[in-house]
Amino acid sequence: MHVAIIGNGIAGITAARFIRKLSDHDITVISAETDHFFSRTALMYIYMGHMRYEDTKPYEDWFWPKNRIELKRAWIERVDVEGKTLYSSQGEAIPYDKLIIACGSAPNRFGWPGQDLRRVQGLYSYQDLQGMEAASGELERAVIVGGGLIGVEMAEMFHTRHIPVTFLVRESSYWDMVLPPEESQMVNRHIREHGIDLRLRTELDEILDDGTGSAGGVRTKAGEEIDCGFVGLTAGVHPAIDFLKDTSIEMQKGILVDDYLQTNVPDVYAAGDCAQLRNPKPGRRPIEAVWYTGRMAGETVAYNACGHPTAYDPGIWFNSAKFFDIEYQVYGDVQARAPEHHASLYWEHPEGRRSIRLVFDRNAGHILGFNLMGVRYRQEVCEQWIREKTPLREVIQNLGLANFDPEFYDEYEPEVVALYNTQTGDNLQLRQKRGLRAALKFLNHKQLN
Amino acid sequence: MSVKRNPLTLLQWIGLGIFLTALLLFTLVLGLDDYRLHPDSLAVSNTYHKEALLEAARDQGMLNRTYASSFAFAPAFQRAFRQAQADLQNRFDQQGAPEGVGEWEYKLGDWMEQEYLLHTVKHSSRGPVRSNPLLFWLLTIGLGILGGLLYILPKFRGLPGIKNNHIYHSHMTRGMKLSVRSAFLAAALFGIIGYGIFYLGGNYFWPGVSLLIALLITGLVLYKPKTSPGDESRSASPHATAWIGLITGLYLIGFYVLLYWTPQHLTGWMILSDPLSHTLSGKEASQWFVYGTLYTVAVLVMGVRMIAKYRHNRYQIIRTISVMFFQLAFAFLIPEILVRLNQPYFDFKNIWPLNYTFFFDWNLNNLIGSGATGLFMLVWGIALIVLAVPLLTYFYGKRWYCSWVCGCGGLAETLGDPYRQLSDKSLRAWQYERWIIHGVLVFAVIMTMGVLYSYLPAGELWFNQRNFLMLVMLMLAGAMGYTYYRWKRGAVDISRLGIRVGIGVTVLLIGISAYHLFSGSEKFFFLNSNETRQWYGFLIGSAFAGVIGTGFYPIMGNRVWCRFGCPLAAYLGLVQRFKSRFRITTNGGQCISCGNCSTYCEMGIDVRWYAQRGQDVVRSSCVGCGICAAVCPRGVLRLENSSLDMDERTKHLRALHIPESKTALPN
């Protein structure tokens with residue numbers, strides 16, 4: 001049995017690793033991007049000089065032959081699902097028995113005039129990084145369009161090279177479709193604190209040609225023109241599935257897959273950014289272009305491709321990011337515009353770079369989620385509380401169990417408890433401080449029952 | 001690639017200029033004075049020796065002749081020494097020593113050469129440095145500190161956070177290609193072993209054995225099918241060579257070679273250090289005092305830099321203050337003050353087997369002969385080995401020593417911090433590491449046993465050779481037996497090969513001890529204990545710990561010695577690996593495999609390998625510096641202690657997604 005995997009990102013590679021664990025199948029991972037798997041999330045660190053490309057490879061190069069995972073550098077142009085054959089741009093035919101498509105996504109371009117000029121690009125692939133590097137030499141200003149996670153990464157990257165950045169965000173506050181208002185404003189402040197020219201409520205109208213076919217500036221919808229030699233498009237991504245257009249694989253925005261990550265075509269699966277779930281779990285989007293879900297889907301698709309039917313279950317939502325110096329973690333259901341039954345307890349450090357938000361059900365009183373800025377919490381503890389619908393009062397009193405900050409760091413849980421007491425007139429006491437022993441006891445005890 | 005880097009402020013340019021000027025002058029100091037031998041500058045108190053040396057010097061026209069450099073003066077003195085030695089030998093052969101004078105009070109022994117040479121060179125030096133030592137101290141070390149601080153202090157401005165920008169763009173810190181690095185390592189290895197033959201006076205036994213062991217280990221590592229010599233090592237910079245780093249490394253290597261083996265060329269530095277040494281201990285400065293001063297200054301100044309860099313991280317701040325304190329107080333000031341108080345020179349935090357001279361006869365005699373203080377030091381030193389190491393490591397991991405207290409660790413964490421990313425993270429490097437560091441531990445144990453065995457009386461005292469051997473056999477058997485018992489029960493995760501090697505070494509040592517117990521042979525392990533310890537001091541104590549350990553900072557990272565060579569680190573590591581509450585936990589599934597943790601692990605641990613599969617990091621080499629947790633952009637790693645699951649620390653592989661129980665894995 002030969003399993004071909006298109007894409008050597010986190011979804012494709014996780015699938016390959018688990019297929020090897022589960023079976024003796026021949027495995028071929030095909031990518032046009034790089035010879036080896038690297039961590040896409042670390043691209044920014046290469047540019048900033050924290051790491052080299054070699055350092056972003058999670059496995060040494062001998063790992064692949066040792067585990068009999070064949071890596072092929074090729075661009076798949078055409079898929080013949082009836083004949084079970086892939087055709088590369090070099091004209092090579094690659095037969096397969098099962099196919100896993102994990103080809104990822106591409107930066108969105110919303111039809112802006114000038115979006116195809118040189119030095120207009122997103123940051124997704126290794127080639128995008130090379131593009132940024134090539135453009136950086138004499139660059140006097142960069143404009144970044146789109147207020148998401150990649151946008152702030154790009155701003156930080158240019159910032160380390162002392163290249164001035166103008167950051168256009170359509171919304172009234174950074175990433176405010178995801179972050180609750182206080183956290184969103186904290187990030188606004190922090191971006192500006194680093195000297196980034198953050199323009200809120202500003203939309204791109206047109207990218208201007210410098211006369212040589214390269215970006216020379218942008219014009220906003222308000223009519224302002226900003227000179228720049230580079231335009232970063234970071235308004236989200238979409239599945240990069242054009243090469244499948246002529247196949248019988250059903251697609252909408254992404255490749256449609258069932259609960260077992262199978263497409264409508266037998267023996268063809270899809271996982272990661274490019275897959276669109278037909279039946280997403282309640283509260284979840286059909287396409288989640290996130291590292292973690294890519295990894296989970298890769299693992300799940302391996303089971304299914306190896307004949308162990310396993311439904312995809314991404315579990316309790318979690319994510320993380322870093323906005324310049326502020327780390328961000330989220331567990332559970334934290335919404336930017338809280339539905340009526342959501343209430344939250346929000347504590348913020350006076351310095352304005354740390355916060356803890358506990359979201360709970362206003363009516364039933366149990367915990368729904370955690371949103372952390374500049375404070376680290378234990379995923380397992382938070383998940384356990386959320387999964388068991390633990391009452392807020394109990395969470396508050398044991399909040400130290402979740403703290404994952406390094407030793408000697410200030411613990412802010414007493415302040416959270418005090419805030420709760422002030423807001424409710426209650427008189428709760430913090431019963432647990434930070435520490436592994438108590439956390440393990442909590443986790444083990446619950447697991448035993 | 002041209003990269004716009006952090007522009008230096010004016011203050012930093014001035015600081016850098018001052019530092020480089022001070023460094024240049026400091027180097028030139030060694031050539032500023034000239035040398036002239038006269039009867040007063042011949043630093044020999046023994047009158048027979050002094051007369052013979054003077055006669056020989058006069059004979060050779062050396063007296064009252066001015067030499068421009070120590071490189072001309074020292075060989076001339078050595079020629080005079082050899083002539084005086086021959087003259088005295090002739091006279092001794094003809095008439096014997098005068099009445100009541102011992103043979104070696106009369107004759108010149110080979111071992112006296114180095115001491116006479118060093119002191120005579122120092123006292124024969126004349127010139128600006130000799131005339132103004134304090135001024136030169138201020139112009140070199142003093143200005144160096146000032147320049148360094150001016151360069152560092154502006155780093156306190158700006159927002160706190162991880163400051164690793166442009167490390168791989170800098171010619172100082174980006175590292176070398178694997179081929180360049182390997183060439184340097186090979187040159188150093190052969191250079192050291194070649195020099196070792198000369199150092200031992202033409203003895204080929206130990207240099208040969210060392211070379212054989214090096215080849216054996218290389219064979220063992222490369223034989224493993226996983227890696228081959230052609231594999232790119234992940235940490236070696238593939239297309240860059242940090243030429244400023246290379247120059248820095250060469251300077252450091254040169255410094256250590258002169259310091260350990262030809263200190264007669266460093267007398268300029270000793271002279272300018274004399275005022276400080278007189279103030280502290282009341283004695284004149286030796287090369288070790290110079291080294292101690294530079295070491296302490298480096299730890300303090302670069303400690304300030306470390307605090308500036310990690311000012312958002314209280315663990316790093318406290319830890320850095322700790323290593324600065326232990327270096328300044330325990331390693332530098334207290335021993336000097338003890339000397340002033342007529343007590344033995346003693347570093348209260350230096351533990352055998354890192355402090356490999358602790359059980360040497362001269363040290364034991366010195367401690368035993370120094371009354372209650374000396375006895376306390378002896379008991380303290382032994383208590384550190386048998387109580388502090390196991391107990392503190394049990395509770396906190398080896399970090400209590402390696403990254404909080406130890407001097408080598410202190411230098412690595414401060415002066416060496418800019419190079420931490422250069423440690424090799426490949427599996428191959430780990431395989432080398434395990435063979436070499438445990439090999440050094442075994443070497444240290446055998447060497448020390450031999451030294452102690454020949455030091456102890458055969459009978460008389462209760463603590464004699466027999467009882468010593470019995471004690472050693474019991475301890476070895478107990479430790480190995482306990483490990484085997486826990487291994488059998490599946491409580492510790494050791495490979496079959498690991499257990500076999502452990503049992504093999506234990507049986508070998510017990511066997512040798514038993515042989516001596518019954519035969520009463522003088523030569524422990526069939527070795528001459530003097531030669532063994534001389535070679536250990538040369539190869540491990542000087543070449544490995546100093547020349548390679550620090551000289552290779554810009555080539556192989558800042559923990560080369562701690563990772564590959566330190567026998568104490570090996571001992572602490574065994575405890576940490578098999579019986580300690582310490583581990584680095586990983587935060588569920590939050591890892592994004594970015595690699596910052598692995599890149600900045602100075603011990604070359606591939607932290608990401610563990611983090612991305614949801615496994616706690618329990619590695620004997622981890623010194624608990626906490627940088628992996630600091631540089632992690634997603635809050636995945638935490639250094640922790642707990643007794644709750646300590647025996648299952650590594651076995652527990654948290655399911656990142658689909659639990660193992662749901663799967664039917666082939667094995």
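Colleague: How many residues of domain 2 of chain A are in contact with domain 3 of chain A, and what makes two residues count as being in contact?

Modeller: In this predicted model, 16 residues of domain 2 of chain A are in contact with 14 residues of domain 3 of chain A. Two residues are called in contact because their C-beta atoms, placed from the backbone, lie within 7 Å. On the domain 2 side of chain A, the elements that give two or more residues are α5 (149-160) and α6 (181-193) of chain A, and α6(A) gives the largest share, seven residues. By class, this side of domain 2 of chain A has nine nonpolar, two polar and five charged residues.

Colleague: Where do the bounds of the domains of chain A fall, and what separates the C-alpha centres of domain 2 and domain 3 of chain A?

Modeller: Chain A is divided into domain 1 (2-106 + 238-305), domain 2 (120-235) and domain 3 (318-448). The C-alpha centres of domain 2 and domain 3 of chain A lie 33 Å apart. For chain B, the division is into domain 1 (34-126) and domain 2 (583-662), whose C-alpha centres lie 62 Å apart.

Colleague: What makes helix α8 of chain A mostly covered?

Modeller: Helix α8 of chain A runs over residues 379-387, and seven of its nine residues are buried. They are Q379(A), E380(A), V381(A), C382(A), E383(A), W385(A) and I386(A); each is called buried because 20 or more other C-beta atoms lie within 10 Å of its own. Just after α8(A), K389(A) takes a positive phi of about 50 degrees.

Colleague: Why does K177(B) count as partly exposed?

Modeller: K177(B) has 16 C-beta neighbours inside 10 Å, whereas a residue is buried at 20 or more and exposed at 12 or fewer, so K177(B) counts as partly exposed. Its place is in the loop between α7 (133-152) and α8 (178-199) of chain B. The C-alpha atoms of K177(B) and L300(B), 123 residues apart along the chain, are separated by 32 Å.

Colleague: What makes β21 and β22 of chain A a pair, and which residue of their hairpin takes a positive phi?

Modeller: Strand β21(A) and strand β22 (residues 326-332) of chain A pair in the antiparallel sense over six bridges, and since pairing asks for at least two bridges, the two strands are therefore called paired. One of the bridges joins F323(A) to its partner I326(A) in β22(A). The hairpin has two residues between the strands, and F324(A) is the residue that takes a positive phi, near 55 degrees. Strand β21(A), residues 318-323, is also mostly covered, with five of its six residues buried.

Colleague: Why do β2 and β3 of chain B stand at the edges of their sheet?

Modeller: Three strands of chain B form an open sheet in the order β2-β1-β3, with antiparallel pairing. Strands β2 (66-67) and β3 (125-126) of chain B each have a single partner strand, so one side of each is left without a neighbour in the sheet. Strand β1 (residues 34-36) of chain B and β3(B) pair over two bridges, which reaches the threshold of at least two and so counts as a pairing. In β3(B), R126(B) is the bridge partner of D34(B).

Colleague: Which residues touch the most other members of the largest nonpolar core, and which residues is A271(A) in contact with?

Modeller: Of the 268 residues in that core, I5(A), A15(A), I100(A), A271(A) and C628(B) touch the most other members, while helix α18 (residues 427-455) of chain B gives the most to the core, with 13 residues. Leaving aside neighbours within four places in sequence, A271(A) is in contact with A11(A), A15(A), I100(A), A102(A), L261(A), A297(A), G298(A) and V301(A). A second, separate core of 21 residues includes Y35(B), A52(B), A80(B) and L117(B).

Colleague: How many residues of chain B are in contact with chain A, and which element gives the largest share of the chain B side?

Modeller: There are 53 residues of chain B in contact with 52 residues of chain A. On the chain B side, α13 (314-340), α25 (596-599) and β5 (637-641) each supply at least two residues, and β5(B) gives the largest share, four residues. The residues of this side divide into 17 nonpolar, 25 polar and eleven charged.

Colleague: What confidence does the predictor give the complex, and where in chain B does pLDDT stay under 50?

Modeller: The complex has an ipTM of 0.96 and a pTM of 0.94. Chain B averages a pLDDT of 91, and 94% of the residues score at least 70. Over residues 227-238 of chain B, pLDDT stays under 50, although the model has 39 contacts beyond four places in sequence for them. Where pLDDT is low, the predicted coordinates should not be read in detail.

Note on methods
Residues are numbered from 1 along each chain as its sequence is written. Chains are lettered from A and ligands numbered from 1 in the order in which they are written. This is a predicted model: local features need pLDDT of at least 70, side-chain atom pairs count only at pLDDT 80 or more; totals for chains, interfaces and linings use all residues. Ala, Val, Leu, Ile, Met, Phe, Trp, Tyr, Cys and Pro count as nonpolar, Asp, Glu, Lys and Arg as charged, and the others, Gly among them, as polar. Domain bounds come from an automatic or database domain assignment. A nonpolar core is a set of buried Ala, Val, Leu, Ile, Met, Phe, Trp, Tyr and Cys residues joined through C-beta atoms within 7 Å. pLDDT is the predictor's confidence in each residue, from 0 to 100.
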